[in-house]
Amino acid sequence: MDYIKAFITGGLICVIGQILIDKTNLTSARILVLFVTLGVVLTGLGIYEPIVEFGGAGATVPLPGFGYALAKGAIKGVKEKGILGAFSGGVMATAGGIAAAIVFGYLTAVLFDPKSKN
């Protein structure tokens with residue numbers, strides 16, 4: 001049942017993204033920023049936590065999940081270190097994912113010889 005919940009949650013996030021792509025003039029980069037920011041805002045308002053509890057990886061793996069991790073890290077950082085934790089907590093909470101993205105992006109570029117679209 002957890003797999004089905006994750007599939008439904010992640011699928012709904014993707015459907016929202018696809019609707020934004022099809023029905024608006026927003027660029028992919030703006031939709032990316034919107035989703036991450038929405039994840040932060042919804043976490044701050046206490047709305048995203050129940051979505052994560054229901055959807056598990058379906059809610060934490062897509063872009064709003066990155067915003068969720070940033071916000072949770074910042075909240076934890078503030079509790080532990082005060083106002084400086086607001087700046088360092090989010091980065092510390094997401095450092096593993098950021099490092100993995102850089103390493104795997106580099107390996108992909110080395111292995112597949114990317115070219116520009118032009």
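The largest pocket of this predicted model is lined by Ile8, Thr9, Leu12, Ile13, Ile16, Phe35, Leu38, Leu42, Tyr48, Ile51, Phe54 and Pro64. Two or more lining residues come from each of helix H1 (2-23), helix H2 (28-44) and helix H3 (48-55), and H1 gives the most, with five. The lining comprises 11 nonpolar residues, one polar residue and no charged residue; here Ala, Val, Leu, Ile, Met, Phe, Trp, Tyr, Cys and Pro count as nonpolar, Asp, Glu, Lys and Arg as charged, and the others as polar. About 200 Å³ of space lies in this pocket. A pocket is an open set of points on a 1 Å grid where a 1.4 Å probe fits, with protein on both sides within 12 Å along at least five of seven lines, and lining residues have an atom within 4 Å of a point.

Residues are numbered from 1 along each chain as its sequence is written. Local features need pLDDT of at least 70 and side-chain atom pairs pLDDT 80 or more, totals for chains, interfaces and linings use all residues, and side-chain values use heavy atoms, without hydrogens and water.

The chain as a whole has six helices and zero strands (DSSP runs of at least four residues for helices and at least two for strands). Its C-alpha trace spans about 50 × 35 × 30 Å along the principal axes. Of the 118 residues, 25% are buried, a term that means under 20% relative accessible area, with exposed over 50% and partly exposed in between (1.4 Å probe, protein chains only).

Helix H1 also holds glycine 10. Because its relative accessible area is 11%, glycine 10 counts as buried. The C-alpha atoms of glycine 10 and alanine 59 are separated by 5.8 Å, although the two residues are 49 apart along the chain.

Side chains of opposite charge can pair when their charged atoms come close. One salt bridge is counted, the rule being a side-chain nitrogen of Lys or Arg within 4 Å of a carboxyl oxygen of Asp or Glu. Lysine 72 pairs with glutamate 49, with 3.3 Å between the closest N and O atoms. The pair links helix H5 (residues 63-81), which holds lysine 72, to helix H3, which holds glutamate 49, across 23 residues of chain. Lysine 72 is partly exposed at 39% relative accessibility, and glutamate 49 is partly exposed at 26%.

Finally, leucine 107 is found in helix H6 (residues 83-112). With a relative accessible area of 40%, leucine 107 is partly exposed.

Methods:
Grid points are joined across faces, edges and corners, and a volume is the space filled by probe spheres set on the points.
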